[in-house]
Amino acid sequence: MREIIEKLKLNKDVSDNELASLIDDNYDTELLFQAARSVREEIYGKKIYIRGLIEVSNYCKNDCFYCGIRKSNLTVNRFRLTKEEILSCCKTGYSLGFRTFVMQGGEDMHFTDDIICDILREVKSDYPDCAVTLSLGEKSYESYKAYFDAGADRYLLRHETANNSHYQKLHPSAMSLENRKECLYNLREIGYQVGSGFMVGSPYQTTENIIEDIRFLQDFNPHMVGIGPYMTHSQTPFANHPNGSVDKTLKLLAIIRLMFPKVLLPATTALGTALQEGREKGILAGANVIMPNLSPKDTRKLYEIYENKLYTGDEAAEALHNLKNSMKKIGYEIVVDRGDHNSKTPMK
Ligand code: SAH
């Protein structure tokens, strides 16, 4: 295993069989994590970038089988934030030291392009030194272009799975992997820093599927990769499927760091929810981004894409002080910085 890890570190690639061993075999994963940390530190040192996550709406026109806020879940108490509420989250976040705001939500038709652009222009004019990331799902090229022109810098859209038949098992027939991928290529062409990714242990996922996900990431080469364990929600068709493995998630964080040394890689809320000190362990496996929750306190629990999602304690943006301390304890430092991708391509 040591040889495979060395080879992955050196060549940023190994064979499918070797990847399968890294993902599935039992071995001393500390070797893998150590290699990932050394690569991460060459590029980003001990810095950790933070993003303030603002959950703008839990209305969604989609019906993804894994997601707690899917439209068929009639038990959800739906909310959407006003522009004023979003601006107030940014204000709080800015004073805490956040220089990236992530607006995430379901595909809420109330948020027309005009409304979204108006919010973007206001946030960017109030906070010109901040980056704004959107994560609002699949939109047309024209919509993505309008958001970009209104000031959006980055977009997160996980591909979810790069295998067609697996994609169909996770989504209703109205959705397609082809469209998801087209969205990603459009975002890149427009000039966004783009994030993709997938859930680890989603229902019916095989190791071959994960290898396809990795191969897709190599092909697409995103600036950011979001991966976290699949987490069950009882009000979905997947209520009986178990949570994804946290050990596998940590291995994959490390593998992705070794394959994409410069990538922005969050230790996700799902990992923090599934595992005690999950975020710390994610950082120690090669992650370099944390996204604390900056949403208004009363709506946080309503954005329940999976059950028991963390939204208090160190997950809360107001508790940044605690997060700083726990990162310091493991030798890392949260910085006040937009935390752009360290690429040679010119940045806006
Ligand atoms: N509507 C947006 C945001 C979706 S939520 C979009 O389509 O991109 C962000 C991510 O949460 C999803 O891409 C998915 O990978 C993840 N997610 C959804 N349900 C989940 C669950 N039950 N467990 C773990 N992650 C989940």
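**Around the ligand**

Tutor: Start with M231: one of its backbone N or O atoms lies 2.7 Å from a nitrogen atom of the ligand. That's a polar contact, meaning a pair of N or O atoms within 3.5 Å. Before we go on, this is a predicted model, where local features need pLDDT of at least 70 and side-chain atom pairs count only at pLDDT 80 or more, while totals for chains, interfaces and linings use all residues. Residues are numbered from 1 along each chain as its sequence is written, and side-chain values use heavy atoms, with hydrogens and water left out.

Now look at the ligand's oxygen atoms. A polar side-chain atom of E160 is 2.5 Å from one oxygen atom of the ligand, and a side-chain N or O atom of R158 lies 2.9 Å from an oxygen atom of the ligand. On its own, the ligand has 560 Å² of accessible area (Shrake-Rupley method, 1.4 Å probe), and the protein covers 91% of that.

Who else is there? In total, 17 residues surround the ligand, and Y66, G105, R158, E160 and M231 are the closest. To be counted as near, a residue needs a heavy atom within 4 Å. Sorted by class, this shell holds 10 nonpolar, four polar and three charged residues. In that sorting, Ala, Val, Leu, Ile, Met, Phe, Trp, Tyr, Cys and Pro are nonpolar, Asp, Glu, Lys and Arg are charged, and the others, Gly among them, are polar.

And where does the ligand sit? You'll find it in the largest cavity. A cavity is a set of points, on a 1 Å grid over the protein atoms alone, where a 1.4 Å probe fits but cannot get out. "Sits in" means that more than half of the molecule's atoms lie within 2 Å of those grid points.

Note on methods. Polar contact = N/O pair within 3.5 Å; in protein donor to acceptor, adjacent residues only side chain to side chain. 1 Å grid on protein atoms, 1.4 Å probe; cavity = no way out; pocket = protein on both sides within 12 Å on 5 of 7 lines; lining within 4 Å.
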